[in-house]
Each structure stands twice: as C-alpha cells, then as structure tokens.
Amino acid sequence: MLEIKVNHIAQVSRCEAEQQGEPQLLPVKTIKNSPSMMRFKEAAQFIMEMMPRKSRGEAGANPKYWLEIKDPKHRDRVSLNGLDAQSGALSAWQEDANSKVGLFQWIDQHPDVEINTLKNKTKHPLSQDVGYINYLSSGQAANYRVTLSQGEWKIGGKLLDTTHLLGKAGMEGHAAIVVHRDGSIFVHPYEKGKWQHTSTTEGKPVLSAGMILIAQGKAKSFHLDSGHYMPQRPQLEHLLARLVAQGVNIDEIDIHAKSIAQGDIKALVRKYSG
C-alpha cells in the first residue's frame with residue numbers, strides 16, 4: 001500500500017513548478033519571492049504542523065493521509081493517493097503534461113477523470129466513488145467537546161451515550177475519541193469515508209485516539225485504534241492518566257489494544273488507578 005513519504009507534499013509543489021515551466025535551480029535571490037518558493041514554504045510549514053512532539057508522547061497523522069488533510073475539500077485519501085504509486089488522482093495529475101494548475105484545482109476541473117485505486121484495477125470516474133471527510137472548524141468541533149464531572153461524560157451538559165452508533169466493524173456502539181494536544185477530549189461519530197479521527201483536529205498531532213463506548217454517561221469499553229494516528233502505548237498512558245485526573249474509574253472500562261498485551265494493559269490500569 002502507498003505511504004506518502006515526508007517529502008511528498010513538497011513533491012507536489014515541485015511538480016506544479018515543473019508543469020508551469022519554472023526552473024528548479026535558480027539563485028536564491030531570484031526565487032526568494034517566486035510562486036515556487038512560496039509553495040515550497042507553504043509545504044514546509046504544513047509538514048512542520050504535522051510533526052508530533054515525541055517527547056510529549058504525541059502521535060501524528062500517518063503521512064498517507066497528508067493530501068487528504070491538505071485538500072481544501074478533504075477528499076478521502078484513497079481517491080487522492082490510491083493504494084500504490086501509480087494510482088489515484090495524484091497519479092492522473094502527474095501524468096497530465098498539459099496541466100498548468102495545482103493538484104487540488106486540477107481535480108476540481110476534472111471531476112470525472114478516470115482513476116483506479118491500484119495500478120491494475122479497473123478505472124472509474126473520480127466523482128463516482130469519492131468520499132468527503134468532515135474536517136470541522138474550531139467552532140464546529142466545540143459541539144463534540146466532552147466535559148467530565150464525577151466520572152460522568154457529558155456534551156453540552158447532557159449525558160453522553162454512543163450505544164446507538166455503528167462504530168467500526170467489531171466495535172458497534174463505539175464512537176471516535178481524540179485527546180487533542182492541549183488535553184481537551186472530543187467524542188464524535190465514526191463513519192468510514194465521512195467521520196475520521198482527524199475530524200476535530202485538522203490533522204494536527206494528538207495525545208491519544210481510539211474508539212470508545214459510553215452508555216448514559218459511563219465509559220464501558222475502549223479500543224486503542226485509529227488508522228489516521230496509529231496510537232501506541234504512550235497514547236494509551238496519556239488517556240488513562242487524563243481520565244483518572246477527571247475522576248473516571250478506569251477499572252470499569254474494558255480496554256483493548258492490538259499492539260499491547262492484555263497483561264500489560266492491566267498493569268497500566270493498576271498503575272494509573274493507584
């Protein structure tokens with residue numbers, strides 16, 4: 001499967017410059033304020049924003065989702081990147097020698113361009129199967145911010161209940177939970193191709209992410225699971241410490257993590273529940 005490397009966002013900018021006939025190696029004085037240099041600076045700034053602070057135990061979004069994050073319309077990453085280096089809208093744009101515009105503008109101008117998700121897979125119009133992921137503004141995201149009081153989970157003053165949600169396969173009744181890098185906790189629906197763990201974060205690094213089941217304000221089950229953030233042990237520890245500090249009895253939560261043995265999870269629960 002395709003994983004966009006750290007320089008792929010910058011690569012998009014370089015491709016744009018090449019298609020516009022701009023030289024790649026010019027004296028610094030000449031390109032200081034050129035469109036290509038501005039695109040490079042923008043790409044560099046974006047990459048810096050995506051980088052997690054490992055010393056604080058943050059998790060960053062997997063680079064294969066970076067184009068989805070950067071896209072103003074947040075089209076799903078499979079439509080943009082495909083699943084290998086020769087598929088998706090990115091590959092079609094790179095093959096268009098006549099293009100004079102950037103990737104996202106080019107997609108807007110070619111909504112029915114034929115793409116595939118794998119090199120040898122049957123092609124289909126991009127507009128036929130594209131998903132648009134919800135990326136919320138800070139004001140919109142506030143509607144999903146959780147407050148914890150005496151161990152009860154609330155949003156807007158009302159007890160939170162996720163049991164009616166579809167969740168992921170095998171996690172029915174679970175919602176997406178994200179602990180932002182400032183410690184704020186957000187819980188919202190999870191729906192592949194529409195709601196993802198980046199929906200309230202703008203793709204920025206987080207302290208934790210997963211799937212949680214809450215019944216009438218009480219957390220019952222948690223899975224350390226997120227395709228966007230791929231959380232590991234530090235992110236589980238962040239969550240446990242945060243919940244205990246907010247009065248949640250973590251002994252009552254059924255906790256799962258694919259990358260952590262169940263015995264180690266129980267030891268962490270004992271450590272943080274004190």
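1. Q150 is exposed in this predicted model, with a relative accessible area of 74%. Q150 sits in the loop between β3 and β4 (152-155). Its backbone deserves a remark: phi is positive, at about 55°, although Q150 is not a glycine. Most residues other than glycine have a negative phi.

2. Q216 also has a positive phi, near 50°, and is a residue other than glycine. Q216 is placed in the loop between β8 and β9 (218-223). With a relative accessible area of 54%, Q216 counts as exposed.

3. On the overall fold, the secondary structure of the chain comes to ten helices and ten strands. The chain has 274 residues, of which 49% are buried. Among contacts between residues at least 6 apart in sequence, 62% join residues at least 24 apart.

4. Which residues lie closest to the centre of the largest pocket? The pocket holds about 450 Å³ of space, and of its 21 lining residues the closest to the centre are D76, V78, K192, G193 and Q196. Helix α5 (residues 77-81) gives the most to this lining, with three residues. By class, the lining divides into five nonpolar, nine polar and seven charged residues.

5. The structure holds two aromatic pairs. In one of them, the ring centres of F46 and W66 are 6.2 Å apart and the ring planes stand at 85°, so the pair is edge-to-face. This pair links distant parts of the chain: F46 belongs to helix α3 (residues 35-50) and W66 to helix α4 (residues 66-70), 20 residues apart. Both F46 and W66 are buried.

6. Y144 and W195 also form an aromatic pair, with ring centres 5.4 Å apart and planes at 65°; an angle over 60 degrees counts as edge-to-face, so this pair is edge-to-face. The pair links distant parts of the chain, 51 residues apart. Y144 is in the loop between α8 (138-141) and β3 (147-149), whereas W195 is in the loop between β7 (185-188) and β8 (206-215).

7. Helix α6 (residues 88-95) is mostly covered, as six of its eight residues are buried. These buried residues are G88, A89, L90, S91, A92 and W93.

8. G60 lies in the loop between α3 and α4. Its relative accessible area is 17%, under the 20% cut-off, and therefore G60 counts as buried. Which residue is 145 places from G60 in sequence and 4.3 Å away in space, C-alpha to C-alpha? That residue is P205. Leaving aside neighbours within four places in sequence, G60 is in contact with M50, P52, P205, H228 and Y229.

9. I260 is found in the loop between β10 (254-256) and α10 (262-273). At 9% relative accessibility, I260 counts as buried. Its contacts, leaving aside neighbours within four places in sequence, are L224, R233, L236 and I265. R233, one of these contacts, is 27 residues from I260 in sequence and 7.1 Å from I260 in space, C-alpha to C-alpha.

10. H164 lies in the loop between β5 (158-159) and β6 (175-180). Is H164 buried or exposed? At 62% relative accessibility, H164 counts as exposed. H164 and A215 are 51 residues apart in sequence, with a C-alpha to C-alpha separation of 9.5 Å in space.

How values were computed:
Residues numbered from 1 in each chain as written. Predicted model: local features only at pLDDT ≥ 70, side-chain atom pairs only at ≥ 80, totals over all residues. Heavy atoms only, no water. 1 Å grid on protein atoms, 1.4 Å probe; cavity = no way out; pocket = protein on both sides within 12 Å on 5 of 7 lines; lining within 4 Å. Points joined across faces, edges and corners; volume = space filled by probe spheres on them. Helix = DSSP H or I, 4+ residues; strand = E, 2+ residues; numbered from the N terminus. Nonpolar A, V, L, I, M, F, W, Y, C, P; charged D, E, K, R; others polar. Phe/Tyr/Trp six-rings, centres within 6.5 Å; stacked < 30°, edge-to-face > 60°. Buried < 20%, exposed > 50% of the residue type's maximum accessible area, 1.4 Å probe, protein only. Contact = heavy atoms within 4.5 Å.
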